[in-house]
Amino acid sequence: CSNGSPRPVWPNIVNVPPGPSPPGASIRVFSKDYANPRIYTGNVQFEQQIANDWSLYMDFTHTKGVHLTRFINLNRVGLFPGFGDVFVTSAVGKSVFDGFTVGMRKRFSKRYQLEWNYTLAKDKDDDSNERDPFTDRSFDPLNLSLDYALSDRDIRHKFNFFTFVELGWGFEGNFRVQGRTAQPITPLVRDATNRNTLRKDNAYFSFDWRIQRPIKLNERFALIP
């Protein structure tokens, strides 16, 4: 405890003598209007055969989050002189995600199958943190609207490709390509309009492949080098 007395063991409490609070004492409370987070999602899908064994599909998803948890330190602007942090756990956060995916599938025939898809998305919120009660990420605790911008999770472009091929002589091949663009980051000097206006150096690309040759030992077992 800030006054040097031992910490209470639940369910006991420490009696504090009358008088002013210890200098710099911190306060943590829940807002009286606190509510559990809610997520609303709408999704529209369409798939059409365009040739034998081939289909084209499209998918649009809209997701809205409300009552997201934010940890607001009201004493950052000096509302409670003489105290340290004054954190209010509030349910004022919000988020919006929109994603459009287009892709193509080929079912297995002529010894191979494949699928590819591309996603264009935008993810926005006013606070990408719901799990660190010791950090207030707002620019101005009294004007939370200044924080609404791209989410830390925003990935604008994604691409995936997968194929399985019977190569002949009993060999099988699996080939996969994955790629995505970088996530946002806020400049070192934060101002009212520049949250997540830069991009990290974490764009991703991978090409993975495997070639195998199952050797049947009997009806139940096979060796796959």
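First, a definition: a salt bridge is a side-chain nitrogen of Lys or Arg within 4 Å of a carboxyl oxygen of Asp or Glu. Now a word on the source. This is a predicted model, where local features need pLDDT of at least 70 and side-chain atom pairs count only at pLDDT 80 or more, while totals for chains, interfaces and linings use all residues. Residues are numbered from 1 along each chain as its sequence is written, and side-chain values use heavy atoms, with hydrogens and water left out.

Start at R70. Its side chain meets that of D127 in a salt bridge, at 3.2 Å from N to O. D127 sits in the loop between β5 (112–125) and β6 (149–150), and R70 in strand β3 (residues 54–73), so the pair ties together parts that are 57 residues apart in sequence. Strands here are DSSP runs (E, at least two residues), numbered from the N terminus, and helices are runs of H or I with at least four.

R70 also forms a salt bridge with D147, at 3.0 Å, N to O. D147 lies in the loop between β5 and β6, so its pairing with R70 in strand β3 joins parts that are 77 residues apart in sequence.

Are these residues buried or exposed? Buried means under 20% relative accessible area, exposed over 50%, and partly exposed in between, with a 1.4 Å probe and protein chains only. D127 is buried at 7%. R70 is buried at 0%. D147 is buried at 0%.

Next pair: R105 and E47. Their side chains meet in a salt bridge at 3.0 Å, N to O. R105 is in strand β4 (residues 86–109) and E47 in strand β2 (residues 38–51), so this pair ties together parts that are 58 residues apart in sequence. R105 is partly exposed, at 31% relative accessibility. E47 is partly exposed too, at 45%.

How many salt bridges does a search of the whole structure find? It finds 15. There is also a network of them, linking D123, D125, R137, D152, R153 and R195.

R153 brings us to the largest pocket. R153 is among the residues nearest its centre, with I39, L68, S95 and E130, and 13 residues line the pocket. A pocket is found on a 1 Å grid over the protein atoms alone: it is an open set of points with protein on both sides within 12 Å along at least five of seven lines, and lining residues have an atom within 4 Å of a point. The largest pocket holds about 240 Å³ of space. β3, β4 and β5 each supply at least two lining residues.

Now the surface. L167, W169, F171, F205, F207, W209 and I211 form a nonpolar patch with about 870 Å² of accessible area together. Such a patch takes residues with over 30% relative accessible area and no salt bridge, and joins nonpolar side chains (Val, Leu, Ile, Met, Phe, Trp, Tyr) within 5 Å, or like charges within 9 Å. Areas come from the Shrake-Rupley method with a 1.4 Å probe; for residues, only the protein chains shown count as cover. Strand β11 (residues 204–212) gives the largest share, four residues. F207 lies in that strand and is partly exposed, at 46%.

Last, the backbone. Most residues other than glycine have a negative phi. D53 has a positive phi of about 75 degrees, and K110 has one near 50 degrees. D53 is in the loop between β2 and β3, K110 in the loop between β4 and β5. D53 is partly exposed at 21%, whereas K110 is exposed at 74%.

Methods:
On a 1 Å grid over the protein atoms alone, a cavity is a set of points where a 1.4 Å probe fits but cannot get out, and a pocket is an open set with protein on both sides within 12 Å along at least five of seven lines; lining residues have an atom within 4 Å of a point. Grid points are joined across faces, edges and corners, and a volume is the space filled by probe spheres set on the points.
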